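Please keep the model open while you read, and check each point against it.

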Amino acid sequence: MPALIAPSILAADFANLQRDCEMVNQSEADWFHLDVMDGVFVPNISFGMPVIQAISKHAKKTIDVHLMIVQPERYLETFKEVGADVLTVHYEASTHLHRSLQSIRGLGMQAGVALNPHTSVSLLADTLEDIDLVCLMSVNPGFGGQSFIEGTYRKVEQLRKMIDERGCNTKIEIDGGVKANNARQLIDAGADVLVAGSFVFRSEDPVATIAELKRV
Ligand code: DX5
Ligand code: ZN
């Protein structure tokens, strides 16, 4: 089965967001990936609620919001209101992860957990049934356009095994440095969703690049 493709709007032209959203609508992409950075959890600031709300008006596909913020539990309801369908919090930023996951599902969204490159997938052993999506960071979060960390393949395989052993439906998403040259290996290792920012938006023909990822 081809993976779901989630272009990361972080790499879009912010002065032409509507145009870039329409491009994603018309492409074979499955999701919009929206990166929220607070300058505290990660050393960069991206965009927040008003921008997501504006994108929601044009986006005709699932909105996947990746929160790279401290204390994400403060804003779960607000992200639902501005249009999130999938809401992902970082493991490293969540003291009460289980409570946040329950709240996200209770609000009618899919609940995601993101793991930094140094965080072991084994730490999710007791919460996997409560997670709809695990986002494995294949770069250190905070910036687009970084190089893929090779150790990610092993994490995907380990996580795939944990999910299959439990018979749950948790999806594995890969975020950072995804390109046509590593997509196949990630899917073979067990990935379900591929996020791609610069590879899509810095290409000559983003629609064709998305189609290429869909067919690797
Ligand atoms: C990184 C973000 C990613 C980023 C991916 O902190 O979470 O979603 O936009 O960008 P590329 O595909 O350029 O690595
Ligand atoms: Zn992301």
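Is Cys168 buried or exposed? Cys168 is buried, with a relative accessible area of 17%. Here buried means under 20% relative accessible area, exposed means over 50%, and partly exposed lies in between (1.4 Å probe, protein chains only).

1. Ground rules. This is a predicted model: local features need pLDDT of at least 70, side-chain atom pairs count only at pLDDT 80 or more, and totals for chains, interfaces and linings use all residues. Residues are numbered from 1 along each chain as its sequence is written, chains are lettered from A and ligands numbered from 1 in the order in which they are written, and side-chain values use heavy atoms, with hydrogens and water left out.

2. The zinc site. Start with the zinc ion (ligand 2). Its protein donors are His33 (NE2), Asp35 (OD), His66 (ND1) and Asp175 (OD), at 2.0 to 2.3 Å. Donors are N, O and S atoms within 2.8 Å of the metal (3.2 Å for Na, K and Ca); water is not among the atoms, so sites may look incomplete. The site of the zinc ion (ligand 2) has 6 donor atoms, with angles of 69 to 170 degrees, and is octahedral. For six donors, that word requires opposite donors over 155 degrees apart and all others between 65 and 115. Along the chain, the donors are spaced as H-x1-D-x30-H-x108-D.

3. His33 is buried, at 0% relative accessible area. Asp35 is buried too, at 4%. For His66 the value is 1%, again buried.

4. A closer look at His66. This residue sits in strand S3 (residues 62-68). Strands (E, at least two residues) and helices (H or I, at least four) are DSSP runs, numbered from the N terminus. A polar contact of 3.0 Å links the side chains of His66 and His90. Such a contact is a pair of N or O atoms within 3.5 Å; within protein, one must be able to donate a hydrogen and the other to accept it, and residues adjacent in sequence count only if both atoms are side-chain atoms. Beyond its neighbours within four places in sequence, His66 is in contact with several residues, including His33, Asp35, His90 and Asp175. Contact means heavy atoms within 4.5 Å.

5. Nonpolar cores. Which residues touch the most other members of the largest nonpolar core? They are Val65, Ile174 and Leu194, in a core of 60 residues. Helix H5 (residues 152-166) supplies the largest share of this core, 5 residues. There is also a second, separate core of 6 residues; Ala6, Trp31, Val193 and Val195 are among them. A nonpolar core is a set of buried Ala, Val, Leu, Ile, Met, Phe, Trp, Tyr and Cys residues joined through side-chain atoms within 4.5 Å. Leaving aside neighbours within four places, Leu194 is in contact with residues including Ala3, Ile5, Ile174 and Leu186.

6. Cysteines. How many disulfides does the structure hold? The count is 0. A disulfide is a pair of cysteine sulfur atoms within 2.5 Å. Cys168 is in no disulfide either; its nearest cysteine sulfur, that of Cys135, is 17 Å away.

7. Helix H1. In H1 (residues 17-26), the buried residues are Leu17, Asp20, Cys21, Met23, Val24 and Asn25. Their cover includes strand S1 (4-7), strand S2 (31-37), helix H2 (49-58), helix H7 (198-201) and helix H8 (206-215).

8. Most residues other than glycine have a negative phi. Gln71 is not a glycine, yet its phi is positive, about 45 degrees. Gln71 lies in the loop between S3 and helix H3 (76-81). At 43% relative accessibility, Gln71 is partly exposed.

9. Ser138. Find Ser138 in the loop between strand S6 (133-137) and H5. Ser138 is buried, at 0% relative accessibility. A polar atom of its side chain lies 2.7 Å from the backbone oxygen of Gly176.

10. Tyr153. This residue belongs to helix H5. Tyr153 is buried, at 10%. Not counting residues up to four places away in sequence, Tyr153 touches Phe148, Asn182, Gln185, Leu186 and Ala189.

Key: Tetrahedral: all angles 85-135°; square planar, octahedral: opposite > 155°, others 65-115°.
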